[in-house]
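Here are some notes to read alongside the model. I have set them out as numbered points so that you can follow each one on the structure.

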Amino acid sequence: MGPQPKTAGRTISQQAFDEVVKENIDDLGMDPAEALQDAIETLTLQGVDLSGIVTCVPGEGGVNPVIQCLDRLKELNSVDNSQNGDEIAKLLDELTELCNSEGSGNSAIASRNGAIELVCSICSKLSTGCQGALVSALKAMALLLDDLQSREAFRASGGPKLVVGIITDGFENIDLLSSGFSVIAAAATGNEVIKESFMELKTDELILRALSVKSEGGVDSLYDAIRILLTPDDTRVLASQVYGYARKFAKIGIAGALVDSIRVGLSSPSLVSASIALKAVAVNDEICTTISENGGIDAVLVCIDDSSEQGNKTVAKVCCSLLSKLAGSDINKKTIVEKGMDRLIKLSGRFSDDPSVLQEIMSLISVLSLRSPENAARAIEAGAGELAIQAMQNFPAAQLLQRNCCLMIRNLVVRNSENRTILLNSGVEKCIRKAKQIHPSCKEAATDALRDLGLDDYNL
């Protein structure tokens, strides 16, 4: 069975919380500050969830600014709000700023006091001519959708259909597109039902259409929406449907459109986001092969070359990770080895001081060498063995790098006796044994590597 959903904590209304504080003052004779602190500590010990509760002494400090903002929005929403678009936009921007204040708890306060339902209602009443207010509303909504309760309120308020409709009607407005897809990403996070709702509303077709919209700054939230819709992150369900969604994305042409985005190269501010999104789409051999046929591998290799020249570590890591996923296809493995092995070794030289880049290169070479003695031989010829030994010697504390090196070494030698001799003569055994001794997480990978190197005492 999968992970069980967390049991929701007990809740309390704002009125009930205020009454507890008042009882402490009136019945127990506490001073206001003591009464407030006692109420918070007692209710917390009882397992009561106080998120979204304004924890102050009733009657002191005036009206909470979040509550004040919501109250005014409710007033405006009760009449024809198309005439009050500017004020609504200003209030929504204020709400966003308040909720974006780190550690304030304002987002939970807003959600507890009906902010999600209110913003959905405002959006449903605003005309398409009030796009400024709509953008402000969507930005606020994306920020408020930060837990299961807020997302369920969004779903119950018809949020998915509402947001898809707004995006569909506002394609000429990049700000609206960006904020709209931010809401899709936020709402679908950890919620399988909402993912399904968006797919039923043909959000995949909307995404494909949006990918064709050219903008100077790009729409990063669009790529975030793709990634989230294709991530099985709802622990309440035993079997996610996202694999099928990824196949559908690829079938209608989203994979090809993402390749076009990557082909723009490092000049695109969305390169990293597009690469991560394409990785999420590449869920089977057929899709990986199609991506290669559309020039995907060539485009990524160009980005790797450029990242090396420009010293862009983030792009280097993301592109190596994407190639690892595309190498799930045996046909693609051959292409990457033929066109990219030397480039990977060159990349490792450029970032020889960064274990986070090196570990991605090791992981990629490990995948390329899996069940392929020919590719393993080519990797050793290119210098992968020396690379692994140097990395293990230079970064003994880098746990993940050490583990990836052990995994790569195993794949280089398991079906290639010539490689065993080369690596053992280069001193790889000492490096592996040191990693095994220092890092518990390396124990299994190091043991397997020592065994496949042909060492009898691999278990020591």
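1. Two terms first, since the helix points rest on them. A residue is called buried under 20% relative accessible area, exposed over 50%, and partly exposed in between, using a 1.4 Å probe and protein chains only. Helices are DSSP runs of H or I with at least four residues, strands are runs of E with at least two, and both are numbered from the N terminus.

2. Please keep in mind that this is a predicted model, in which local features need pLDDT of at least 70, side-chain atom pairs count only at pLDDT 80 or more, and totals for chains, interfaces and linings use all residues. Residues are numbered from 1 along each chain as its sequence is written, and side-chain values use heavy atoms, with hydrogens and water left out.

3. On confidence, pLDDT is the predictor's own confidence in each residue, from 0 to 100. The chain has a mean of 92, with 96% of its residues at 70 or more. Do look at residues 1–7, where pLDDT stays under 50. For that stretch the model has four contacts (heavy atoms within 4.5 Å) beyond four places in sequence.

4. Helix α27, residues 443–452, is mostly covered, with seven of its 10 residues buried. Those buried are A445, A446, T447, D448, A449, L450 and D452. Their cover includes α24 (399–413), α25 (417–425) and α26 (428–438). Just after α27 comes G454, with a positive phi of about 90°.

5. Eight of its 11 residues are buried, so the rest of the structure largely encloses α16. The buried set is L271, S273, A274, S275, A277, L278, A280 and V281. Among the elements that cover these residues are α13 (220–229), α14 (242–252) and α15 (254–263), together with α17 (285–293), α18 (296–310) and α19 (313–326).

6. K202 has a positive phi near 60° and is found in the loop between α11 (192–200) and α12 (203–211). Its relative accessible area is 46%, so K202 is partly exposed. R371 also has a positive phi, of about 55°, and lies in the loop between α21 (355–369) and α22 (373–382). R371 counts as exposed because its relative accessibility is 54%.

7. How is the nonpolar interior arranged? A nonpolar core here is a set of buried Ala, Val, Leu, Ile, Met, Phe, Trp, Tyr and Cys residues joined through side-chain atoms within 4.5 Å. The largest such core has 147 residues, and F154, F181 and I432 have the most contacts inside it. Apart from neighbours within four places in sequence, F181 is in contact with I167, L206, I207, A210, S221, L222 and A225. A second, separate core of 12 residues includes I12, A39, V48 and L50.
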